[in-house]
Every structure is written in C-alpha cells, then in structure tokens.
Amino acid sequence: MSDLDPKDELVTHLPALRAFALSLTRNRATADDMMQDAVLKAWSNMDKFQPGTNMRAWLFTILRNNYYSSRRKLNREVADVDNVFSDTLSVKPDHDGRLQMMDFKVAFDQLADEHREALILVGASGFSYDDAAEMCGVATGTMKSRVNRARAKLTELLQLDDDQTLELTDSATMAVVGSPNIPS
C-alpha cells in the first residue's frame with residue numbers, strides 16, 4: 001500500500017515489470033514492447049485501479065494477460081515466410097481499374113468508326129461475325145478483318161505487349177479487347 005499518486009507509483013514498478021516481461025518472453029525487444037503495451041494499458045485504465053490495492057500485482061496481471069493473448073494470437077497466425085499466402089490475399093485498388101478504363105475510353109475514341117462499330121457488335125454485344133457483317137452490309141471476312149485491326153490498334157494505343165492484359169472490371173470492355181471465341 002502506498003501514499004503515492006497511482007500514476008507516480010506506476011513508474012516505481014517499471015524495473016520489476018521489465019524483468020517479468022523478460023522472464024516471459026526471453027527476448028529483450030519483445031519484452032520492451034510488451035512492457036510498453038502493459039504500461040500504456042495501465043495508464044489509460046488508471047481510473048479502474050483501486051487505490052490501496054497492490055499496484056505491482058495489477059501491472060503484472062496486465063502484462064501477463066497481454067503476453068498470453070499475444071501467444072494465442074500467434075498460434076492462430078500462419079507462417080508466411082516468402083509471402084506466398086499473403087500474395088494471394090492482396091487486392092488491387094479500385095482506382096487502378098478506373099484509370100485503365102479511362103485510358104481505354106480515350107484509345108477507343110481514336111479508332112475509326114467502322115472499327116469501333118465492329119468491336120461493339122462482335123466484342124461487347126456478342127454478335128457472331130456473320131450477324132455483325134449482315135448488320136453492317138459487309139462480307140464476313142471484312143468484319144473479321146475490322147475486328148482484328150481494331151484490336152491491334154487498341155493494343156498499340158494502350159501500349160500493351162503481347163503477354164500483357166488490360167485489367168478492367170467491365171466484362172463488355174474485356175470482350176472488346178479480348179480474343180474472340182465467337183462462332184462465325
């Protein structure tokens with residue numbers, strides 16, 4: 001029992017608290033971190049401390065509880081040394097898709113009218129080459145050629161290599177720039 005203000009008394013127990021943390025963790029850096037966490041928790045919950053009770057026991061209890069909570073947490077964590085697991089959990093930011101979509105729209109607007117029309121009909125709308133050719137009043141081969149040239153021009157304008165893909169969230173846009181799997 002002490003006549004000191006609890007916040008002043010807390011400071012007097014720091015060496016013993018650090019020794020206790022070191023005995024639990026057997027690692028100086030971890031012990032220092034745990035001690036800091038315990039002191040921070042005690043300081044922020046000082047209103048819950050009962051004056052006249054054993055401050056050291058209260059601090060040791062906080063440190064001990066933090067230690068065992070962190071151990072339980074570690075047992076639930078997965079070791080991921082080479083980031084194999086965490087790399088599968090990452091998500092590209094939404095703005096990347098929007099920025100690429102804006103680039104796509106700028107490039108798409110630069111295409112000739114008949115190329116834009118061909119991509120919209122065959123790629124985005126899903127019409128066969130035959131149906132698209134009939135709608136435009138041209139031969140099926142002409143429609144295939146327009147689609148192929150339009151895709152090549154888009155690839156050039158977007159500065160994509162053969163092995164690169166444009167990551168867009170819009171499936172219709174992906175159909176426009178993707179390889180056709182559409183029966184003729």
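Reader: Why does Asn66 count as buried?

Author: Asn66 has 18% relative accessibility, and buried means under 20% relative accessible area, with exposed over 50% and partly exposed in between (1.4 Å probe, protein chains only). The value is below the cut-off, so Asn66 counts as buried. This is a predicted model, in which local features need pLDDT of at least 70, side-chain atom pairs count only at pLDDT 80 or more, and totals for chains, interfaces and linings use all residues. Residues are numbered from 1 along each chain as its sequence is written, and side-chain values use heavy atoms, with hydrogens and water left out.

Reader: Where is Asn66, and what makes a residue its contact?

Author: Asn66 is in helix α4. A contact is a pair with heavy atoms within 4.5 Å. Leaving aside neighbours within four places in sequence, Asn66 meets that with Met34, Asp37, Ala38 and Lys41.

Reader: What makes a stretch a helix, and how many does the protein have?

Author: Helices are DSSP runs of H or I with at least four residues, strands are runs of E with at least two, and both are numbered from the N terminus. By that rule the protein has ten helices and zero strands. Of its 184 residues, 28% count as buried.

Reader: Why is Arg26 called exposed?

Author: Its relative accessible area is 71%. Arg26 lies in the loop between α2 and α3.

Reader: What is said of the phi of Arg26?

Author: Phi of Arg26 is near 60°, a positive value in a residue other than glycine. Most residues other than glycine have a negative phi. A positive phi is also found at Gly137, which follows α8 and has a value near 75°.

Reader: Which residues of α8 are buried, and how do you know where they sit around the helix?

Author: In α8 (residues 129–136), Tyr129, Ala132 and Ala133 are buried. Seen down the axis of α8, they fall within an arc of 100°, so they line one face of the helix. The arc is that of the directions from the helix axis to the C-beta atoms. As a general rule, an α-helix has 3.6 residues a turn, so residues three or four places apart point the same way. The buried residues of α8 pack against α7 (113–124) and α9 (140–157).

Reader: What makes Ala118 buried?

Author: Ala118 has a relative accessible area of 0%, so it falls under the cut-off of 20%. Ala118 is in helix α7. Not counting residues up to four places away in sequence, Ala118 touches Gly123, Met143, Arg146 and Val147. From Ala118 to Ala133 there are 15 residues in sequence and 8.5 Å in space, C-alpha to C-alpha.

Reader: Which residues line the second largest pocket, and what makes a residue part of the lining?

Author: On a 1 Å grid over the protein atoms alone, a pocket is an open set of points with protein on both sides within 12 Å along at least five of seven lines, and lining residues have an atom within 4 Å of a point. For the second largest pocket these are Leu24, Thr25, Arg26, Thr30, Met34, Tyr67, Ser70, Arg71, Lys73, Leu74 and Glu77. The elements giving two or more residues to this lining are α2 (14–25), α3 (28–44) and α4 (55–76). The largest share, five residues, comes from α4.

How values were computed. 1 Å grid on protein atoms, 1.4 Å probe; cavity = no way out; pocket = protein on both sides within 12 Å on 5 of 7 lines; lining within 4 Å.
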